[in-house]
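Please keep the sequence and the structure in view while reading.

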Amino acid sequence: MADDTTGFPPVGILTPAGTKPWPSEPQYSLGPGTTTIGRAPHCDVQINHPTVSRAHAELTWVNGRLMLTHLSAVNLTLVNGIPVREQIALRTGDLIELADGILLRLELYTSGEEVTLAISRDDRRMYAVLYADVAGYSRLIEDNDIATARQIETCLGVIRHETERRSGRIVNIAGDGILLLFPSAEAALSCAIICQRTFAQLNLRLEPARRMEFRIGINSGDILITPAGMHGDAINIAARVQALAAPGGILVTGVVHDQLQGHEGFKFEYVQTNELKNISREVRTYRVAV
């Protein structure tokens, strides 16, 4: 360990939980002192992977609570899908993600006995879900695949920047579809508005046939986080609502509208109540002024 606690019994373990391979131990023991995580040989938890910084994160016990501090100036540290900006307290069952896809599950001991992982308590969190999709993507690819690839990379750069500014996370990119999670509906919607305005400015330089326009849908609800991925109908609803949005537009569900009603800077227009595929309940949708 990094301090004078050698010989003390372990108080917890970190277990690799992701699918990305790296030379690792079956599990890493946590002592009562400070534990450093990174690529450097001196780190207590050494992860020899290029996306992990030499000193990436640090775990320290403060007044009986295990605290995580993000150290890397280059790559992110996330806990349960949310980027760490300031020192935060950890709980058993938390998923710590280093850079892209390096996952460690935390188990803490109580009185020398292992704590049973309470996934339903620790891994189920409320998130705002943003789903974005490029309108007419197949046509753009067929017309000029190289130019389209460059355009979408430019747009992804905008999305990454605005997402990180609001403590959000890009969960998945599949072709022209992008799934993002945010800690609040306000963060998700403000990100969507800025992105759509930026895309509109980028499109002014292009011929109408080459313009890249995104449809965006936003919902809010429970998400279950496991090593296998993200689960919950909040994600499915966001994807369905996105498909109803106009190119260059934003649609939000009634849940998001109700959370932000009266919020300065957002203007909503009721569209309709929808029956969405594979969703048992009706969903209200609102158009957001960009």
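A polar contact is a pair of N or O atoms within 3.5 Å; within protein, one atom must be able to donate a hydrogen and the other to accept it, and residues adjacent in sequence count only if both atoms are side-chain atoms.

The model is predicted: local features need pLDDT of at least 70, side-chain atom pairs count only at pLDDT 80 or more, and totals for chains, interfaces and linings use all residues. Residues are numbered from 1 along each chain as its sequence is written, and side-chain values use heavy atoms, with hydrogens and water left out.

## The chain as a whole

The chain contains six helices and 20 strands; helices (H or I, at least four residues) and strands (E, at least two) are DSSP runs, numbered from the N terminus. Of its 290 residues, 47% are buried, a term that stands for under 20% relative accessible area, while exposed stands for over 50% and partly exposed for values in between (1.4 Å probe, protein chains only). The accessible surface comes to about 14,400 Å², and carbon and sulfur atoms account for 49% of this surface. Such areas come from the Shrake-Rupley method with a 1.4 Å probe, and for residues only the protein chains shown count as cover. Contact means heavy atoms within 4.5 Å. Among contacts between residues at least 6 apart in sequence, 57% join residues at least 24 apart.

## Strands and their pairing

Two strands pair if DSSP finds at least two bridges between them. Five strands form an open sheet in the order β4-β3-β5-β6-β9, with mixed pairing. Its edge strands, β4 (45–46) and β9 (88–89), each pair on one side only.

| Strands (residues) | Bridges | Facing residues |
|---|---|---|
| β3 (35–38) and β5 (57–62) | three | Thr36 and Glu58 |
| β18 (250–253) and β20 (282–288) | three | Thr253 and Thr285 |
| β14 (169–174) and β15 (177–182) | five | Arg169 and Leu181 |

Strand β18 is covered on both faces: Ile250 and Val252 are buried on one side, and Leu251 and Thr253 are buried on the other. Strands β14 and β15 form a hairpin with two residues between them, and Gly175 in the turn has a positive phi of about 65°.

Strand β11 (residues 102–110) holds Arg105. This arginine is buried, with a relative accessible area of 9%. The side chain of Arg105 reaches the backbone oxygen of Gly93 at 3.1 Å.

Helix α3 (residues 145–165) has 21 residues and spans 30 Å from its first C-alpha to its last, close to the 30 Å expected at 1.5 Å a residue. The expected span is 1.5 Å times one less than the number of residues. At the N-terminal end, Asn144 caps α3, with a side-chain oxygen 3.3 Å from the backbone nitrogen of Ile146.

How are the buried residues of α3 arranged around the axis? The buried residues are Thr148, Gln151, Ile152, Cys155, Leu156, Val158, Ile159, Glu162 and Thr163. They lie on the same side of α3 because they cover an arc of only 160° around the axis, the arc being that of the directions from the helix axis to the C-beta atoms. On the other side of α3, Ile146, Arg150 and Arg165 are exposed.

Gln151, a residue of α3, is buried with a relative accessible area of 14%. Not counting residues up to four places away in sequence, Gln151 touches Leu206, Arg210, Arg211 and Met212.

Just after α3, Ser167 takes a positive phi of about 60°. This serine is found in the loop between α3 and β14. Leaving aside neighbours within four places in sequence, Ser167 is in contact with Ile82, Pro83, Arg85 and Pro183. Ser167 and Phe182 are 15 residues apart in sequence, and their C-alpha atoms are 6.7 Å apart in space.

## Helix α5

Helix α5 (residues 233–244) has 12 residues and reaches 17 Å from its first C-alpha to its last, close to the 16 Å expected at 1.5 Å a residue. Its buried residues are Ala234, Ile235, Ile237, Ala238, Val241 and Gln242. These cover an arc of only 160° around the axis, which puts them on the same side of α5.
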